[in-house]
Each structure stands twice: as structure tokens, then as C-alpha cells.
Amino acid sequence: MNATLPTRASVLILGGGMHGLATAFNLADMGLQDLLVLDAGYWQGGASGRNGGLIRGGFSTPEWTRLFAFSNEQWAGLSRRLGHNVMFSRRGYTMIAETEKTADLFETALNVHREHGVRSEILTEPAFASLLPAFDPRKVRRALHLRDGGVAPHHAAMKALLAACREREVDVRYRTAVTGFERSNGRVSAVLAGDERIATDAVLIAAGAQNVQVAALAGVKLAGFGMRIEAMALEPVRPLIRPALALIDRLVYLHQTARGEIVGGIDVPERPRMSLKVDLPVMTGTAKVYLELMPQLASLRILRHWAGMLHITPDFGPLMGEHPDLKGLWISGGWSYGWAGGPGAGALMAKAIAKGEIDERMKPFAPDRFDRGRPVHEAAVVLSKFEH
Amino acid sequence: MAMKRLAHASQERVSFRWNGRRVEGRKGDTVAAALYALGIRELARSRKSHRPLGLSGGHLQGVLARAGGRPNVRLDLEPVVADLDVRMQNVWPGPRFDLLSAARLLPSRWLRSGFEHTRLMPSGTWRFQIWERLLAFLAGMADPPGRDLPADAIPGQRLAVDLLVVGGGPSGRKAANEAAEAGKSVALACRGSRPGRFAEALGVQLPELDSRVRLFARLEIFGLYRNGAFAAGAPKDPREGAVIFEPGAILLTTGKRSVPPLVPGSHLPGVLEASVALELAHHHGVAPGMAVAVLGTGGERLVAARLAGLGVEIVHVGPVGALKRIAGANTVTSIATDRMITCDAVVHAGPWRSDPGLAFQAGAEGLGQLRLDQPATQVAMAGSAAAPDEPACIGQAGLPQALVCPCMDVSAGELMDHMAAGESDPEVLKRLTACGMGPCQGFPCWELQAALIARETGSAPEGFGRPSHRPPRRALTVAQAAGLDGLVAPDR
């Protein structure tokens with residue numbers, strides 16, 4: 001941490017979370033050397049250590065589905081590629097509709113999934129009952145099951161990514177904050193970290209909730225803002241809830257971890273909130289939904305409740321690409337489904353930065369799409385409304 | 001190995017079931033006290049190595065069992081009632097023949113955190129999916145709740161007061177009485193069935209609580225929110241509703257707790273925090289042992305004298321710093337200081353430290369990491385809670401075998417190996433080892449972790465941030481939390 005930083009980097013990645021490390025790994029795999037990753041916080045201190053852990057490839061729009069289905073495939077082969085076990089559990093991901101509107105949305109989603117080769121199905125009543133015995137079936141109008149979705153625990157996946165990066169000589173430094181940028185001829189030329197200067201001509205911002213502030217240091221704007229999101233864990237019990245769950249109408253997501261804890265949370269309207277402090281309404285609101293839909297959880301105790309932060313954009317979609325106002329400045333931000341999207345985004349971003357090839361799957365998520373009037377609205381997500 | 005019932009114990013007998021066997025307690029006993037009196041000390045098993053755990057005052061895993069179809073019931077709070085069915089958890093197929101306890105034979109190094117992401121079972125293969133299901137079964141420890149239990153939200157209440165006092169000891173009572181005298185509305189919340197049970201057991205004269213003070217006994221304040229604008233508490237009885245206080249000011253008089261010494265064997269059943277030993281002897285008439293060693297940082301003489309006065313046989317009184325190790329297989333059989341002392345229970349009375357959780361929750365702020373730089377303005381501390389903490393006691397010989405976090409099987413050796421590899425950030429060590437992620441949520445294990453980091457890195461334990469103290473630390477159930485919904489509106 002206190003060791004001197006290198007004076008130059010081929011690609012300088014700001015953010016040592018899922019996205020920063022996944023991109024660094026892919027760049028190293030393509031043969032790039034002198035890769036440097038800087039992170040202002042500690043390992044897993046950002047959204048990569050505080051998200052729901054859920055992974056799925058299917059959404060209701062072709063744009064989201066193409067990108068996330070690719071990432072879901074990457075997850076499936078990630079342990080082999082990294083040489084370390086990320087513990088991606090392909091246990092399935094079930095989306096639940098309680099209203100007619102959401103049930104209709106699932107029909108749209110099914111068609112999109114079929115077109116893009118995503119394996120999904122509407123669960124029959126007996127199939128639902130055997131998959132989710134703790135769930136009150138009377139509350140369910142329709143359940144869409146993604147067979148290849150699942151979950152991955154942070155502690156394993158992040159350890160695997162960091163180890164794989166370091167084995168490929170990527171220099172990863174935590175507790176190292178960036179303080180400024182230098183540019184020349186409309187291009188990024190160096191990054192400052194206190195007294196130290198790192199010359200580089202490619203910078204990737206993958207700093208999660210801090211993306212907007214880091215971009216401001218470089219003198220450019222990014223859509224969206226940082227916000228707090230909260231989750232809680234129930235004390236461990238033996239397996240009760242098998243698949244990952246998204247309760248679309250309740251804005252609740254949850255799963256039971258390999259450690260037995262039931263982890264999830266309810267979404268609140270998206271507003272700028274830069275704090276890791278938790279508040280009561282998320283805990284009580286999540287508990288209320290659990291109780292109504294899974295009454296068997298009533299007597300379980302709440303172990304802990306915490307907050308994480310992410311960078312949310314007006315259409316909830318990621319920002320992927322080079323910044324239109326500054327050459328050499330790349331963004332992989334705006335991730336609300338960033339754990340699911342990380343391995344895929346890492347591969348696409350690496351190809352874009354190293355070879356200048358902008359993949360079709362990332363094109364719809366260009367950072368300037370809002371200025372061009374081309375947002376990508378996705379409804380099959382556990383996010384409520386963007387308020388600014 | 002029946003323990004001694006002391007002369008003043010209740011004589012009224014209550015019969016209940018432990019692991020299917022009919023056993024007898026006394027009216028007013030907790031299940032843990034009744035079992036302790038019968039010589040049944042091993043109430044639970046640690047998560048991975050299946051070490052024996054029991055009543056301690058520290059690691060909570062030791063008192064969690066299944067009672068009346070509910071998992072993870074705290075036996076040190078659960079009163080004995082006739083025919084209550086209580087069973088040990090984390091056993092398979094059953095408590096009498098438990099194959100899982102074979103894990104004790106494995107070298108603990110094999111079960112260090114990270115073993116579960118072995119390269120032998122990589123994800124993306126069918127064998128990983130089987131491995132993961134097995135892990136989930138083992139790590140879950142307890143069977144899920146019965147499906148026939150009540151499942152309604154338990155309505156909570158919201159209450160505005162001028163002052164909320166947390167803790168019913170001498171300074172809490174004094175402050176509450178003074179504020180009531182001055183015409184303020186005052187609530188006093190305490191965990192015990194009467195305020196100041198520890199002080200009472202120690203023989204301290206307590207001022208009467210002013211009748212105008214609203215008393216919330218058996219209520220655990222588990223979280224302070226919005227810089228102390230709200231304090232949330234959960235009753236120990238899971239059938240009762242939780243309470244949200246909206247206090248003008250909060251006074252924490254939560255006292256100090258004795259942190260167990262970090263020596264091999266400190267997790268063994270029979271090693272008790274002074275308050276728990278006194279509670280057993282004074283309130284339940286149960287001797288902590290037939291031959292008890294009392295160790296501490298100065299207060300051990302008072303505790304030993306008090307226990308002896310209640311009829312407990314004390315075989316050793318001395319400084320905790322001289323303790324080298326606690327020996328025994330399933331319970332304490334001896335301790336080593338500069339000599340071997342045969343005893344069947346160890347009571348530690350110090351080092352005394354405050355549980356930092358509530359003050360942290362109220363005042364800590366941060367984007368990358370919550371840190372308590374500035375205490376919340378409307379939260380004050382008084383009494384021994386406000387006094388400086390004593391340094392935690394770290395042993396020397398055999399230190400790597402000592403357990404920092406017995407619930408999660410985290411040894412000092414595991415933490416020391418990470419530090420030797422260059423990782424000494426408390427937040428990162430928590431994520432690498434799961435230290436403090438069990439039912440106690442960090443107290444007292446992070447006190448020991450901080451002391452160990454300080455020792456290994458040659459820095460001061462107060463010099464680095466600590467993992468964030470997260471509410472509600474299993475104080476309330478899903479049904480109790482649901483009953484609070486709507487009482488506090490989301491902030492704008």
C-alpha cells in the first residue's frame with residue numbers, strides 16, 4: 001500500500017472491484033503488460049463485496065439480454081479460465097410476478113430469451129411448489145425460471161479474480177486514491193495519486209459509486225449518480241430456498257448463500273445518497289415482504305443489515321465505452337446488475353481498450369446514449385424509479 | 001457430572017426434554033442454567049470443526065439450539081417450561097449419533113476459510129453443484145423453522161421520549177432518576193428481567209428506579225439510526241412487538257464486559273464471563289463448577305468472594321495475564337499459569353471492554369468505509385461504558401491454536417498467517433476468514449482480532465478502523481421486524 005507506484009502503465013484501471021479486476025484479467029490474458037489497478041478503498045469494500053450475489057442472463061429487452069447472457073456464459077467458465085474457484089452456483093434464477101402487468105412482461109421476456117438462446121420457462125404449479133416449498137403459491141401469478149442463472153459468493157469470486165490478476169503480474173493496489181488527471185492534445189496522458197504521477201494513455205474508470213466524482217477529476221461528466229442500496233442477512237439455516245429470487249412487483253431480491261444465510265433487500269426510489277449508513281425502512285420493508293410471501297421465515301432472526309453503494313443511470317443500464325469528450329478515458333460504470341455483468345463486461349471492455357473493437361453487445365450502452373436520446377429501458381429489474 | 005445446586009436455589013421442579021431425554025430444571029431457570037446444573041455443558045457445536053461449545057457469555061453459538069420447533073433459540077434466555085422440547089443443532093443424523101462430529105478429527109487447517117473454494121471442485125462442473133449443496137447443508141447448521149409456527153407480523157410501537165437510557169446499572173438508574181426528577185419523559189431499556197442484574201449479583205446497592213421512569217426490561221436496543229434520532233429495541237420474548245424510540249437524547253450506560261483471554265481452550269464449555277457465572281450462582285442457584293478458578297484484571301477478588309459467599313468452591317484466584325492455556329476435551333479440566341491447576345470451571349473478570357456497537361452505529365459515517373471519527377451529538381455515554389477499555393489479554397505459548405472467533409472456528413493462527421502474507425486490514429481479514437460474522441456479529445471477537453493485529457504489526461489497536469458494527473445482531477425476528485414497517489418513513 002505504501003510502496004511507490006509505477007511511473008507508467010499501459011492501462012490504468014481505477015477501481016479494484018469486479019469490473020476493474022475482470023477487465024485487468026482479460027487485458028493480461030491478451031498479453032498486455034504494465035497493467036495497474038488502483039482502488040481508494042479496501043478489497044471488497046465497494047459494491048463487489050456488498051451486492052446481492054445474483055447472476056442471470058435473461059431480461060425483457062434484447063439489449064440487456066444479449067449483454068447479460070454473454071456474461072452468464074462467462075461466469076459458467078470462469079473458474080476454469082482463472083484457475084481459481086469462483087463458486088458460481090448454477091442453481092437457477094426465478095423471477096416472480098404478482099400482477100398481470102408483470103406476468104405479461106414475462107411473456108415478452110420469454111420471446112426475447114428464445115431469440116437469444118437463453119434457457120427459460122414459465123414454471124407450472126407443481127414445479128414451483130417443488131422448487132420453492134417455502135413460498136406461498138397463492139401469491140404467485142407467474143414465475144419465470146432461468147435455468148442457467150444462479151449466484152456466486154463475493155469472498156470466493158473476488159479472491160479468485162485478484163489471485164488470477166496477480167499471477168499475471170497485474171499490479172493491484174488498494175487504499176490508494178487518485179487525486180487528478182493530466183491531459184494533452186485532447187487525450188488522457190497521466191493520472192496523479194497524491195505526489196505520484198503515472199503516465200498512461202488509457203484509463204478505465206470502474207469505480208462504482210465514485211464514478212461520477214472520478215470522472216469529474218478528469219474534467220468530464222457522466223450520467224447518473226452514486227446511491228446507497230441496503231440489504232440484510234438472516235441467520236443461517238439448512239437449505240430452504242434453492243434458486244436466486246427476484247420479486248419484480250415487490251422490488252425485492254434474495255437468495256440463500258452457501259453459508260446458509262438468506263440475503264436480500266428491498267429497493268427504494270433511486271436518489272443520490274452518498275453514505276454507507278443503514279436506515280430502518282429497508283429492514284422492516286424487506287421483513288414484511290418475506291413474511292407475506294414466505295411465512296416460514298417468520299421466526300428467523302436478522303443477523304445484520306448493511307448498505308452498499310452503486311452508480312445508477314437514468315435507464316438503470318451500464319455505461320460502457322470511451323468517453324466522447326476525452327480520448328483514452330474509458331468507462332465501465334452505471335452498473336446496477338454489475339455482479340452478473342462483470343465477467344462479460346470485463347471481456348468486452350478489454351477488447352475495446354486493447355484493440356479498439358466495440359462489440360455489438362456493448363454498443364447500446366454507450367456512455368453518451370442519453371445525449372443522443374437513445375436510452376435502453378428495461379423493466380424486468382428490481383429497481384423502482386430514477387429521481388433526481 | 002451433576003453440578004451443585006446452591007442452598008438458595010428454587011425447589012420447584014419443571015420437567016422438559018433435552019435431545020429427546022426427559023430432564024429436570026427448576027422454576028425460574030433458563031434452559032442453559034437448568035442443563036448446566038445437570039452437568040450438561042456442551043449445548044452446541046462450532047460451525048466447521050464441530051468443537052463443543054456452551055454457555056460462556058461471549059460466543060453466542062454456544063447457546064443456540066432448537067426449542068419448540070424454532071431454530072437458533074438462545075438457551076440462556078429461554079425459560080424452562082414444562083415439556084419444552086430442546087435439541088442440539090448442527091448434528092446429523094441426530095445428537096446421540098452424530099457423524100458430523102467426525103470433523104473434530106480433521107486438522108483445523110483444512111477447514112480454514114477458503115477451503116470451500118477448493119480447486120478440486122471448480123464451479124462449472126457437476127461435482128461443484130453437489131459440493132455446494134453439501135456445503136449449504138453443513139453451513140446452515142440448523143433445520144429451518146417448522147411450517148406450523150405462527151407467521152403473522154408482530155405489531156411494534158413507536159415512542160417519543162426526552163431521554164432514552166440504555167442499561168439499568170447504577171449510572172443508568174441515577175441518570176434516569178435525575179431526568180425524571182427534572183420533569184423529563186424517560187425510558188430505561190435493559191436486557192435483563194430487572195435492571196442492573198449484574199450489579200445486583202455483585203452485591204452493589206442500587207438506587208430505586210423512580211416510578212416515573214418507563215422501564216423496558218428484557219429489551220435489547222439493537223440499533224441507533226439517523227445519528228441517534230431513532231433507537232430500535234427488540235424484546236427478548238419473540239412473541240412481543242419491537243419498539244422504536246424517538247428520543248431527544250440517548251445515554252448509553254451499557255457498562256463493560258469481560259473479554260475472554262486469547263489462549264488455547266478459551267472456547268471450552270465451563271469458561272464463563274464473570275457476569276454469567278454470577279447470574280448462574282446468584283439468580284439460579286447453580287454453581288459454575290465444583291472447583292472454580294477466577295481470573296481477572298483486579299476485579300477477580302471481588303467476584304471470587306461473591307461466588308464463595310454464595311457457596312461456590314473457589315480453587316484459584318489470580319491475574320488473567322498469567323494464564324497460559326485452558327485444558328480439557330469437552331469441558332474445562334485444568335488451567336496452566338506458572339503451574340497446573342485442576343479445576344472444572346474458569347471465570348474471567350476482565351479485561352473489561354465496552355461493546356462499541358451502538359455508539360458506532362449512531363456516529364460512524366463514510367463512503368468507502370464507515371468510521372467513527374465524531375460521536376453522534378445526541379448520544380452520550382456514562383458510567384463504566386465511558387471509562388477507558390482495558391487491553392485485551394493475548395496469550396503467548398500455543399497462541400495459533402487459540403480461537404479468536406469460536407462460532408466460526410477462526411483461530412489466531414489463521415489470522416496470523418494472513419498477516420504474515422501482508423494482509424492486516426481488519427475489514428479484509430473479516431472477509432478472508434469470516435471472523436465476527438457469526439451470531440455475535442463482532443463482539444468480543446473483533447476486540448481480540450484488533451489486539452492481535454496490533455501485536456503482529458506493532459501498532460496501537462485504536463490506530464486502525466474496525467469492521468463496521470451492523471445492526472440488528474440477531475436481536476429480532478422477521479416477524480418482529482415486519483411489525484415495525486411503516487413506523488418510520490424513508491428519509492428524503
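In the predicted model, helix α4 of chain A (residues 100–115) has 16 residues and should span 22 Å at 1.5 Å a residue, which agrees with the 23 Å between its end C-alpha atoms; the expected span is 1.5 Å times one less than the number of residues. Helices (H or I, at least four residues) and strands (E, at least two) are DSSP runs, numbered from the N terminus. The buried residues of α4(A) include A:Leu105, A:Phe106, A:Leu110 and A:Val112, where buried denotes under 20% relative accessible area, exposed over 50%, and partly exposed in between (1.4 Å probe, protein chains only). Seen down the helix axis, the buried residues of α4(A) fall within an arc of 165°, so they line one face; the arc is that of the directions from the axis to the C-beta atoms. The face turned away from this buried side carries the exposed A:Lys101, A:Arg114 and A:Glu115.

Strand β6 of chain A (residues 142–146) is largely enclosed by the rest of the structure, because 4 of its 5 residues are buried. Strands pair if DSSP finds at least two bridges between them. Strand β4 (residues 93–97) of chain A runs antiparallel to β6(A) and is joined to it by 5 bridges, with A:Leu146 as the bridge partner of A:Tyr93. Strand β5 (residues 120–122) of chain A is likewise antiparallel to β6(A), through 3 bridges, and A:Glu121 has A:His145 as its partner.

In chain B, Trp92 lies in the loop between β7 (85–87) and α2 (126–140). B:Trp92 counts as partly exposed because its relative accessibility is 41%.

Residues are numbered from 1 along each chain as its sequence is written, and chains are lettered from A in the order in which they are written. Local features need pLDDT of at least 70, and side-chain atom pairs count only at pLDDT 80 or more, while side-chain values use heavy atoms, with hydrogens and water left out.
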